[in-house]
Amino acid sequence: GRAFSLFDLCRLMIALSDNTATRMIAMLLGVDRINAILRSWGFTVTTFRYETWHPHDPREYAVSSAREMAELLARLDAGRLLSTASTARALG
């Protein structure tokens, strides 16, 4: 019954690998929208698949490649992925 901000959910998802927070973000944004954003960034392998609450195989959550993850982090670090304020918060 507690309300969380999107920022709080992102922190829980990233810092604690919180699957409930991940699920809430997926429901809020939508899997199709998340994947459309990834495609618009040029990522062809990285795909968010979070369709079920308890997948049996970790690959059912998402797939990616080392190259695309390195590119994502490089863009974040260089400030080429998010706004200046969002970049500062993400890196913090």
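**View 1. Side chain of E68 and the backbone of V45.** In this predicted model, a polar atom of the E68 side chain lies 3.0 Å from the backbone nitrogen of V45, where a polar contact is a pair of N or O atoms within 3.5 Å; within protein, one must be able to donate a hydrogen and the other to accept it, and residues adjacent in sequence count only if both atoms are side-chain atoms. E68 belongs to helix 4; helices (H or I, at least four residues) and strands (E, at least two) are DSSP runs, numbered from the N terminus. E68 has a relative accessible area of 0% and is therefore buried (buried means under 20% relative accessible area, exposed over 50%, partly exposed in between, with a 1.4 Å probe and protein chains only). Leaving out residues up to four places away in sequence, E68 touches F43, T44, V45 and T46, contact meaning heavy atoms within 4.5 Å.

The model is predicted, and local features need pLDDT of at least 70, side-chain atom pairs count only at pLDDT 80 or more, while totals for chains, interfaces and linings use all residues. Residues are numbered from 1 along each chain as its sequence is written, and side-chain values use heavy atoms, with hydrogens and water left out.

**View 2. T46 in the loop between helix 3 and strand 1.** T46 is buried, at 9% relative accessible area. Its side chain makes a polar contact of 2.6 Å with the side chain of S64. Not counting residues up to four places away in sequence, T46 touches L38, R39, V63, S64, S65, E68 and M69. L6 is 40 residues from T46 along the chain, and their C-alpha atoms are separated by 22 Å.

View 3. The N35 side chain reaches the backbone nitrogen of F48 at 2.7 Å. N35 is buried, with a relative accessible area of 13%. Apart from neighbours within four places in sequence, N35 is in contact with T47 and F48.

**View 4. The largest nonpolar core.** Ten residues make up this core: A26, V31, I34, L38, F43, F48, Y50, L72, L76 and L81. Helix 3 (31-40) and helix 4 (66-78) are the elements that give two or more residues to the core, and the largest share, three residues, comes from helix 3. A nonpolar core is a set of buried Ala, Val, Leu, Ile, Met, Phe, Trp, Tyr and Cys residues joined through side-chain atoms within 4.5 Å. L76 touches L81, L82, T87, A90 and L91, residues up to four places away in sequence not being counted.

**View 5. The largest pocket.** The space in this pocket is about 1,700 Å³. Its lining has 36 residues, of which C10, M13, I14, I25 and L72 are the closest to the centre. On a 1 Å grid over the protein atoms alone, a pocket is an open set of points where a 1.4 Å probe fits, with protein on both sides within 12 Å along at least five of seven lines; lining residues have an atom within 4 Å of a point. Grid points are joined across faces, edges and corners, and the volume is the space filled by probe spheres set on the points. Helix 1 gives the most to the lining, with seven residues.

**View 6. S17 in the loop between helix 1 and helix 2.** S17 is not a glycine, yet has a positive phi of about 55 degrees. S17 is exposed, at 55% relative accessible area.
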